[in-house]
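Please review the briefing below alongside the coordinates.

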Amino acid sequence: MSDPRCMAHRPWHEISAELRARLEAARLDLLALFRALDRMDLPAGQIPQRLLRQLFELDADFAEALWALDQPAGGFDRQAMLRDTLAALDRLPPTCARFRKKLPSQADPILTQLKESVRKALNPEDAYNMVPGRDPENV
């Protein structure tokens with residue numbers, strides 16, 4: 001599901017269910033990465049700040065898309081949202097790879113282990129942190 005034009009013939013409920021699952025997984029993976037990175041106590045100079053900002057921006061895009069999926073039909077341009085969200089999802093793997101490549105070489109195995117541990121402990125509902133109407137702290 002990377003080309004919104006190929007999906008034009010599919011019902012919106014099928015598209016939104018598939019998109020929601022991808023967005024939830026992406027947000028949980030990013031949350032695990034952010035928490036694992038926080039536990040590593042790396043000096044700021046060793047963390048590629050520009051790439052970290054890009055990851056935070058992608059996370060915010062994913063949260064906004066999850067919010068949009070809960071909105072009534074006609075409240076937004078679904079095709080534009082789908083196009084933009086798929087583009088953001090496509091940017092996530094290369095951005096993560098560039099981010100990890102810029103970390104000190106000794107940090108990557110530790111980050112990988114911590115991220116896997118954190119990811120296993122996350123609940124699916126954690127994908128909705130900071131999503132208005134879904135996050136109890138942000139309703």
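The model is predicted. Its largest nonpolar core has 42 residues, and the structure holds 7 salt bridges.

**Helix H4**

- Helix H4 runs over residues 107–121, and its 15 residues reach 21 Å from the first C-alpha to the last, close to the 21 Å expected at 1.5 Å a residue.
- Ala-107, Leu-111 and Val-118 are the buried residues named in H4. They lie on the same side of H4 because they cover an arc of only 40° around the axis.
- On the face turned away from this buried side, H4 carries Pro-109, Gln-113 and Lys-120, which are exposed.
- The packing partners of the buried residues of H4 are helix H1 (12–40) and helix H3 (78–102).

**Nonpolar core**

- Within the largest nonpolar core, Leu-19, Leu-23, Leu-30, Leu-55, Phe-62, Leu-92 and Phe-99 touch the most other members.
- Two or more residues of this core come from each of H1, helix H2 (49–69), H3 and H4. H1 gives the largest share, 14 residues.
- Beyond its neighbours within four places in sequence, Leu-23 is in contact with Phe-62, Ala-65, Leu-66, Leu-69, Thr-85 and Leu-89.
- In soluble globular proteins, nonpolar side chains tend to be buried together.

- Asp-59 and Arg-27 form a salt bridge in which the closest N and O atoms are 2.9 Å apart. Asp-59 lies in helix H2 and Arg-27 in helix H1, so the pair ties together parts 32 residues apart in sequence.
- Both Asp-59 and Arg-27 are buried.

- Arg-119 forms a salt bridge with Asp-29, with 2.7 Å between the closest N and O atoms. This pair links distant parts of the chain, since Arg-119 is in helix H4 and Asp-29 is in helix H1, 90 residues apart.
- Arg-119 counts as partly exposed because its relative accessibility is 27%. Asp-29 is also partly exposed, at 31% relative accessible area.

- Arg-134 forms a salt bridge with Asp-70, the closest N and O atoms being 2.6 Å apart. Arg-134 is in the segment after H4 and Asp-70 in the loop between H2 and H3, which puts the two 64 residues apart.
- Arg-134 is partly exposed, with a relative accessible area of 38%, and Asp-70 is partly exposed at 36%.

Methods. Residues are numbered from 1 along each chain as its sequence is written. This is a predicted model: local features need pLDDT of at least 70, side-chain atom pairs count only at pLDDT 80 or more; totals for chains, interfaces and linings use all residues. Side-chain values use heavy atoms; hydrogens and water are left out. Helices (H or I, at least four residues) and strands (E, at least two) are DSSP runs, numbered from the N terminus. The expected span of a helix is 1.5 Å times one less than its number of residues. Buried means under 20% relative accessible area, exposed over 50%, partly exposed in between (1.4 Å probe, protein chains only). The arc is that of the directions from the helix axis to the C-beta atoms. Contact means heavy atoms within 4.5 Å. A nonpolar core is a set of buried Ala, Val, Leu, Ile, Met, Phe, Trp, Tyr and Cys residues joined through side-chain atoms within 4.5 Å. A salt bridge is a side-chain nitrogen of Lys or Arg within 4 Å of a carboxyl oxygen of Asp or Glu.
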